[in-house]
Amino acid sequence: MRVGIEVGGTFTDLVAIGPDGIVVTKVPSVPKAPDEGAFNALVASGIPIGSIDDLAHGSTVATNAVLERKGFPTAFVTTKGFRDILALQRHGRAQIYDLEYQKPVPVVTRAGSFEVAERMLADGTVLDALDEGDVVARLVPALREGRFEAIAICLLNAYVNPAHERRLAELLSAALPDVHVTISSDITREFREFERASTTTLSAYVQPVIDRYIARFRDRLSSAGFQGRFSVMQSNGGRLPAEAMRANAINALLSGPAAGVMGAVRQTGRSGYQNLVTLDIGGTSTDVCVVTGGSPQLTQEFSLDGLPIRIPLLDINTIGAGGGSIIWVDDGGMLRVGPHSAGADPGPACYGRGGSLPTLTDAHVIRGTVRPEAFLGGRMQIDAVASARALQPIADRFGMSLEAAADSAVALANANIVRAIQLISTERGHDPRDYVLVPYGGAGPLHAAQVAGELGIATIVVPPSAGIISAYGLIASDFVLFESLTRRAPADASAADTLRDVFATMRERALARAEEAGLGKKVELKLTAEMRFVGQAFEVPVTFEEREIRRMTADGVRKRFADAHHRVFFFGGEADKPIEFVSFRLGLAAPLKELPLLAETATQTKTEAAIRLHDDKQWHEGRLRSRASMKQRDRVRGPALLEDPTSTLYVPPGWIARRDANDNTVLERA
Amino acid sequence: MQERTAKVGAKPKSRTMTGKARAGSKSLALLDPVDYAVISQALIAVAREMGTKLIRSSYSNIVREAQDASAALFDPAGNVVAQAELIPMHLGSMSEIFRACTEVTPISELRPGDFYINNDPYGGGQHLQDVFIFTPIFHEGALVAFAGTVAHHLDLGGGNPGMTPDAVDVHAEGIIIPPSRYVYERDWNGGTLERLIAANVRVPSQTIGDFYAQFAANAIGTARMIELCARYGTATVSAAMTELMAYSERRFRAALSAIPDGTWHGEDAVDDDGIGDTPLTVKAAVTKKGDTVSVDFSGTVPQVGRNLNCPWASTVSATLAAIKGALTSPDIPFNEGFKRPITVTAPKGTLVNPNYPAPVRARLLPAYRCFNATLKALAQVVPDKVTAGGNDSTHALAISHLGERGYRVYLEIYGGGFGGGPRLDGCDAVDSPLSNCTNTPVEATDMDFDHFRIVGYGLLPDTGGAGRQRGGLGFYRRFLILKDGTNFATYTDRMRLSPYGLLGGADGSRTRIEIERDGKIIRSRSKDRLDLKTGDVLTLYTSGGGGYGAAEARDPRLIARDVAQGYVTAESAQRDYGWTDKT
């Protein structure tokens, strides 16, 4: 039996797939103790813990520790003269006209920041040796006195030569054996000291949190008779054995949305879809990601609460648009949806918990696209009258009918989602029309058709049990780790040789780490070179598969970069200008021997009825079906609602839905 | 003295305003609220994408690391519709700089492939280094918009690499590109204009690369606008552009109406002109009447012989930024509509509206005093919306060297502490309000330059003025010079006159630059040029912000935090706040 448990902000989802079929369970989360919710889900599912071979877990423990500053006291050590790197940051402002602008708050305070005498140069030579006497005499006592539980070390130019960082870590670990020590060169080998220091301090900060969480979780599993493999999701879209994660805590940040993307990739991949735009709409936010050739796009430019993180993670764009997003009119008379959310409490007006502001969910109730009796599988009472009461003032303001105002709000939310997708597709040089849209989460399938229409996407593929696809993604993900390396080298006639040389070195390191983490021998490797024209400061990623690297020519390498540059920046298509490599990252994946197969669950009710719903300025007579009742030969014409216990799929007029051989529901234009 | 008045909201008042009103009502009838919201957000997204890509594909450290560049979209008449929020100084007056080009070649004569270019301080521009390029966007044969970008170019010639502190006129500061129309394929792209500029700058590989990044960003704006027009129809997009400006105008006028009518005066000064020691005073009279506001700089000192003159476009930008920061909520988009209720006036021949050929390189310094004088006037009527004086200066440092491989020019600009505010302490060590440049990572300077090394960079405790809300801290940046014959040029300010406290808050600390040579300290003047030697240690200390409100009213927990974190030393806390260490 394989079991995935995903802890979200509101619900904890469980998917179990074994010889006897599929179990899907949803229970309320326990925000103060996420593992509590996870075990509640296990109990509710009725699965004997001893029968689980493979348990994969995803949680927001690390992310919340940062957002709520609930990590453990952490110290920062850097090169003499640069103690204030974390406070100085990059000197710019996110809001340019704000006279009371405030910087993002680092997780390490100024009083927790220390210096050590040493200096490495940009070419990796030592200018000033590490002053070991000073470390022992001054730094160690200061760290001890501060009662820190974690130490982040980031020395200047350590990305080229980590010798000083490693030696310093040895000295500190020897003197302070109970303290976690994290060095920047182990976390990311990229230049720009503030970003690297920020990444390193975040990693050190969540290290004890993750370590303790995993230890507690594992103990509890063991005492319940668990003997299988326990793994944890990472933000790069792969998982790691839980023990290995205890030393790679930074990868646990932002891992939640990654599981959903991987679930979508695996489930639609079974039907041959390789180019996807994923669309996850939940209660407060929407996550979108672009997947090309079966691989989700990665980014190394991310920030959490304003603090930069420079590790490869899925390029997921999150915006504040969800079922709880508030519909309002600003003081200039513009209709707005979000980013403020009514959250789960008081929630949308229709929850009847005291919320009086109209939300996106209320708009759906008014349109008839959310049926009160079916909301969250019928587990929640919905007050449609409250929805109407809340939205009426906005309808009056624009002289519209209530339903038209609801349509407008949905259209506006969709427009915000479309822009979020364009940011990671069009702006990155990908044309959304070459992709299919894969919606999931509670509300993704409700919005998919209109979003696809705006983007010119012709096909929508909805996975079964779309509301819990993240939990499926946990057990459907490969085991993955990344190596990074900064090495500036000209991409001239020797470009292909450099590529091969770097690949050989990094491959060896990655294989050693894979072995240490127990990932097995069968692995797939992919090398990404960050390249630029000489003189530029930002690089364009260019990816090479293992099998290509052997026969790549210098011209081939240069041309691939020039094309990629032109796609993004609209110039630089000519490969004859000087080009250089700046850094490399190697992705190692240990693919699953066998993919667990998701299907419609048999427990669904077989509803079928006539319904009325409002869209595009008019009422329509439509059909209601349960997805489980659809046969492969069936064709459902919009307007229709297709329900499963975890989400509702809206098929607008002009679209036709069918169920494919893998239980994906495919929407196409009629 | 000739008066110069700008109705900064674009065109001559009477006829245009009625024309706009008609267009506005027509546009509203045509627009449904969703289309309008969608297109207006898309326009802002296009401008932002242009700005991001300009920075990411550029070459010089001043654009790619410091991000001294901006981008905007304009309607077919040249009104700013949406902008990438990068550098306030660039953005406020882009339409004025655009309009100077139309006076040379009317818009009606533009063809696809043409572009306008302008860096002329006396032709609508700011200082020479900021080169503005505008590309007309055509769809189905009709002009639908303009894409515009500006980048601060590392070096555009002139008497000294990076900057020429002792320039006697604008000609000594670099190459002037008067407002003009060129054809991209013919004149750039290996053509005569590109070759002319390349031959007149010291680091053409970087400078020409940055120009290409500007053209490419304009091309991106063009492609996106054409997509929008194809999707929604040109008429709908035009209507949305008109309405977006009307929207900002409406919201701003509503905010103005909530403030009492009256006239208030404020003044602040630049330390000196770099030769003498007389402060250069800028005076502002701010008049608020109904839903309009006007700022008059009469009484400001005459223009000076050194580069501290503030061209008209810069004065306008600075004044608008003060008004935007103080009187509007941050989510009102900045565009031409916001500018319509504002009038700025300054007599010709003054520091803030100089006559040709006064040099203008350091125009940001007097521009900051326009900003401060305006805020000080506003402090008398809306003290809860205005902050104390901050570092509010651009400290520009150029450290360059001519070696066997040609010129190496390191140019960076620095801020300091913000003034304390009505609610929050001033931000520590951040670029000043009219600018928004990021620092160059130390690891990047280590990689790119071998004539100096940065050996220290940190906060300066006790530099923020005491107050209920403390002023933000200044910082230091220390350079070890590694080569003889290294050339240092600078303009800075607040060396003589401290950032002012507000409502009982104390002043912030002053700026200084020190060079340690053979055990002795040499003080740089605020505007200076010096030859440096191997082993010299040069340190810039930037100003902390002034405090807001009386120190006695400060929350004791904040004082304790400041001491614990080393933002304020125990001695200063005792002196300024009567704090005692009770542990």
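**A helix crossing and its surroundings**

Modeller: Helix α15 (residues 495-516) and helix α17 (residues 554-569) of chain A have axes that come within 6 Å and cross at roughly 90 degrees. That makes α15(A) roughly perpendicular to α17(A). The angle classes are: under 35 degrees roughly parallel, over 145 roughly antiparallel, 65 to 115 roughly perpendicular, the rest oblique. Axes are lines fitted to C-alpha atoms, for helices over the stretch in contact, and angles run from 0 to 180 degrees between N-to-C directions. Helices (H or I, at least four residues) and strands (E, at least two) are DSSP runs, numbered from the N terminus.

This is a predicted model: local features need pLDDT of at least 70, side-chain atom pairs count only at pLDDT 80 or more, and totals for chains, interfaces and linings use all residues. Residues are numbered from 1 along each chain as its sequence is written, while chains are lettered from A and ligands numbered from 1 in the order in which they are written.

Now the contact itself. From α15(A) come Ala495(A), Ala496(A) and Leu499(A); they meet Ala554(A), Val557(A) and Arg558(A) of α17(A). Contact means C-beta atoms, placed from the backbone, within 7 Å. By class, the residues here are five nonpolar, no polar and one charged. Ala, Val, Leu, Ile, Met, Phe, Trp, Tyr, Cys and Pro count as nonpolar, Asp, Glu, Lys and Arg as charged, and the others, Gly among them, as polar.

Next, Val540(A). This residue lies in strand β27 (residues 540-545) of chain A. Val540(A) counts as buried, with 25 C-beta neighbours inside 10 Å. The cut-offs are 20 or more other C-beta atoms within 10 Å for buried, 12 or fewer for exposed, and partly exposed in between, with C-beta atoms placed from the backbone. Setting aside neighbours within four places in sequence, Val540(A) is in contact with Met531(A), Arg532(A), Phe561(A), Ala564(A), His565(A) and Val568(A). Val568(A) is 28 residues away along the chain, yet its C-alpha atom is 8.5 Å from that of Val540(A).

Another part of chain A holds a parallel pair. Strand β9 (residues 150-153) and β10(A) are joined by four bridges. Two strands pair if DSSP finds at least two bridges between them. Ala152(A) stands opposite Thr182(A) in β10(A). From β9(A) the chain passes through helix α5 (residues 163-175) to β10(A), a right-handed β-α-β crossover. Right-handed means a clockwise path from the first strand over the helix to the second, with the strands pointing away from the viewer. In β10(A) (residues 180-183), His180(A) and Thr182(A) point one way, Val181(A) and Ile183(A) the other, and all are buried. In a regular strand the side chains alternate between the two faces of the sheet.

Some backbone details in chain A deserve a look. Arg147(A) is not a glycine but has a positive phi of about 50 degrees. Arg147(A) is in the loop between α4 (132-145) and β9. Arg147(A) is exposed, with 10 other C-beta atoms within 10 Å. Asp616(A), also not a glycine, has a positive phi of about 50 degrees. Its loop runs between β29 (608-615) and β30 (618-626) of chain A. Asp616(A) counts as partly exposed, with 13 C-beta neighbours inside 10 Å. The peptide bond from Gly338(A) to Pro339(A) is cis, with omega near 0 degrees. Pro339(A) is in strand β22 (residues 335-341) of chain A.

On to chain B. Six strands form an open antiparallel sheet in the order β3-β2-β6-β5-β4-β7. β3 (80-84) and β7 (180-183) of chain B stand at the edges with a single partner strand each, so one side of each has no neighbour in the sheet. The twist averages 25 degrees from one strand to the next. β2(B) (residues 69-74) and β6(B) (residues 142-152) share six bridges. Ala72(B) has Gly148(B) of β6(B) as its bridge partner. α8(B) lies across β2, β5 and β6 of chain B, at about 150 degrees to β6(B).

Last, the contact between the chains. Chain B contributes 64 residues and chain A 49 residues. On the side of chain B that touches chain A, α2(B) gives the most, with 10 residues. That side divides into 33 nonpolar, 17 polar and 14 charged residues.

Conventions. Two residues are in contact if their C-beta atoms, placed from the backbone, lie within 7 Å.
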